[in-house]
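Have the viewer open as you read.

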Amino acid sequence: MPNDLFRQLKSLRRAAVDPAASWVADNRSILLSQIKNTLPKSAPAVRRADKVWAGLEIFLPRKIVTAVVRPVAIILIIVMSAGTALAAMARAASNTIPDDTLYPIKRFTEQAQVTVAAMIGDQGAVTKLHVEFAKQRAFETKQLVQIAAVTGAAPAPSIAATVADLKSEMSAVSNNLNDNTSAVAKTVNQNSQEISSVLQDVKNNLILNASNTPAGLNLTRQVSSATSLAKDIGIKAVAVIVNNQAQGDTSVSKDDAKQMVADSLQTVATAAAKSQQVAAGVHTVVEQAKDVIKKSDGKQIPGAITTITTVDNQTVAAVLKTEQVSAQVGQQISEAKALVGQDNLVQAVSKIQQANQATQEAERVSDAAVQKAQQVLPTVAPDSAASSSLLLNLNNVSNGGFMSSTPSIIGQMISPRQ
Amino acid sequence: MSDIPEKILLYKLQIEGDADAYGKLYDRYVKQIYRFVYFKVSTHEEAEDITSEVFLKAWNYLQEKKEVTSFSGLLYRIARNSIIDLYRARSAKPETALGESDDQGDEGKWQFAIENKIEAQKLLRALKKLKQEYREVITLRYIDELEISEIAVIIGKGNIAVRVALHRAVKKLQELLLN
């Protein structure tokens with residue numbers, strides 16, 4: 001456009017066609033008075049959220065606010081609220097046990113932790129989480145069994161489910177253990193020992209409170225199985241450390257590795273000895289009961305002699321088996337100690353694993369003997385007080401304690417009038 | 001057109017019900033609208049009446065909570081429609097948007113401080129001879145100094161159509177002035 005024409009047009013703007021200032025002012029006053037008459041006396045109550053959306057629609061196209069901004073904001077608020085609420089619930093749920101209302105939250109939180117660790121590829125963290133959760137299941141099982149013992153109720157189905165979950169966690173640990181570092185294996189070993197100890201308490205509690213129902217007996221077997229699994233994994237963790245060391249991994253010192261091997265040896269040896277002691281103790285109790293029954297002519301419960309004789313024979317077999325295992329384990333431990341002395345830790349751990357297998361077999365035998373005796377003795381002893389004494393004595397034996405039974409107690413059991 | 005101060009004033013007006021915010025919007029745009037209208041009508045009284053009507057109609061529009069992407073665009077659209085209504089009302093009379101029988105009796109109200117009055121009158125006559133669309137785009141672009149996009153919104157056409165119209169309008173105006 002020619003500059004001259006442009007100038008002329010602009011001059012029209014500056015000059016003649018502006019409104020008179022007085023008219024502008026007067027018109028403004030009239031206009032404002034008119035519009036103020038149409039406004040409500042007090043501002044209508046508008047929700048803050050509605051104000052926000054309406055305000056946004058002034059600065060952004062309405063379609064974008066309606067279709068994008070508002071839904072995204074609502075989703076963000078929901079996610080943030082849910083996240084905050086979930087974190088609070090997770091904290092509240094951390095000490096719950098099965099059958100508690102918030103227990104599913106605890107399990108959900110655990111699963112989320114594993115998922116996140118797996119997503120970022122931290123295998124060590126995944127393994128540590130699984131062993132930690134196994135420990136949680138062990139403690140939960142212990143609490144549930146204690147509650148059942150105090151209330152006198154039968155063990156709840158949730159106990160069996162918790163033990164199953166524990167075994168599942170331990171299996172996950174075992175499956176991944178070889179791929180982990182020695183540091184992780186060390187953590188697994190420590191936790192496995194703790195789990196094994198807790199489960200031993202659970203088994204003792206179950207035996208003491210003696211559920212002889214099929215469900216109760218099955219639960220005891222499951223707990224024994226879980227205990228064995230924990231011990232296996234503990235020794236497997238030592239094997240991982242030792243193998244890693246043989247390949248040059250020095251994250252765990254040789255002295256620490258030797259000590260772990262020595263500790264494992266001691267654990268296996270102690271378990272073998274205990275099984276032998278338990279089998280022998282059960283046999284002694286049964287033998288004494290049999291003697292007293294034989295001596296109470298005419299006052300016996302029908303079939304008692306036959307029943308007690310059968311159980312006695314079973315305890316004899318248990319004693320023989322555990323003695324045999326004890327001897328075998330003793331031999332293996334001696335060989336393992338010699339290998340440790342030669343710094344051949346890999347072979348030493350292999351011997352320990354063999355001894356552990358044998359020990360677990362002995363434990364199964366002795367546990368079966370205790371359970372059988374517990375089932376039978378009350379049936380041949382009509383006096384419930386004496387029966388309880390005998391059972392307590394039996395439980396002391398099964399826990400590795402000493403017998404305190406005397407012929408007089410057994411005599412009261414058989415013939416209260418004597 | 002959709003500048004932040006205007007958005008803020010609209011927010012105060014529509015969300016907080018602040019009538020004074022409307023007064024400020026009036027201050028921003030009254031001269032522009034007045035000039036826009038004045039180039040299309042005969043007298044300043046008509047320009048004043050229509051300008052007042054424009055701002056009142058705009059207020060009613062805002063009260064209906066309809067979406068407003070640009071307040072100035074809204075004012076121009078209302079102004080155009082009001083002028084069309086005026087033309088229809090006096091349909092027997094030809095368009096006299098820039099009549100020569102201008103209200104010289106209003107000398108006291110509008111200042112003609114232009115350097116060359118003859119030059120200005122010649123320009124006004126030439127503008128009058130332009131067709132409505134060309135006159136509109138020239139006045140909005142070179143007198144009111146609006147952007148192409150703003151003009152496009154006011155007249156309801158695309159940016160390219162506005163540029164084309166402007167180019168043709170200027171060419172036609174130059175021809176008229178030469179003749």
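## Where the chains meet

Chain A puts 35 residues into the contact, and chain B puts in 50 residues. Keep in mind that this is a predicted model. Together the two chains bury about 4,000 Å² between them, with carbon and sulfur atoms giving 68% of that area.

Salt bridges between chain A and chain B number 2.

## The chain A side

Which elements of chain A give two or more residues to the side that touches chain B? They are helix H1 (3-14), helix H2 (21-38) and helix H3 (48-59) of chain A. H2(A) gives the most, with 10 residues on the side of chain A that touches chain B.

Sort that side of chain A by class and you get 21 nonpolar, 6 polar and 8 charged residues.

## Aromatic pairs in chain B

Over all chains, the structure has 7 aromatic pairs. One of them joins B:Tyr22 and B:Trp59, an edge-to-face pair with 5.2 Å from centre to centre and 65 degrees between the planes. B:Tyr22 sits in helix H2 (residues 19-38) of chain B and B:Trp59 in helix H3 (residues 44-63) of chain B, so this pair ties together parts 37 residues apart in sequence. Are these two residues buried or exposed? B:Tyr22 is buried because its relative accessibility is 0%, under the 20% cut-off, and B:Trp59 is buried as well, at 1%.

Now look at B:Tyr34 and B:Tyr38. Their ring centres are 6.2 Å apart and their planes are at 5 degrees, so this pair counts as stacked. The two tyrosines, B:Tyr34 and B:Tyr38, are 4 residues apart in helix H2 of chain B, which is a separation of about one helical turn. B:Tyr34 is buried at 3% relative accessibility, and B:Tyr38 is buried with a relative accessible area of 7%.

## One aromatic cluster

Back to B:Tyr22 and B:Trp59 for a moment: along with B:Tyr29 and B:Phe71, they form one aromatic cluster.

Conventions
Residues numbered from 1 in each chain as written. Chains lettered and ligands numbered in written order. Predicted model: local features only at pLDDT ≥ 70, side-chain atom pairs only at ≥ 80, totals over all residues. Heavy atoms only, no water. Contact = heavy atoms within 4.5 Å. Buried area = accessible area lost by both parts, 1.4 Å probe. Salt bridge = Lys/Arg side-chain N within 4 Å of Asp/Glu carboxyl O. Nonpolar A, V, L, I, M, F, W, Y, C, P; charged D, E, K, R; others polar. Phe/Tyr/Trp six-rings, centres within 6.5 Å; stacked < 30°, edge-to-face > 60°. Buried < 20%, exposed > 50% of the residue type's maximum accessible area, 1.4 Å probe, protein only.
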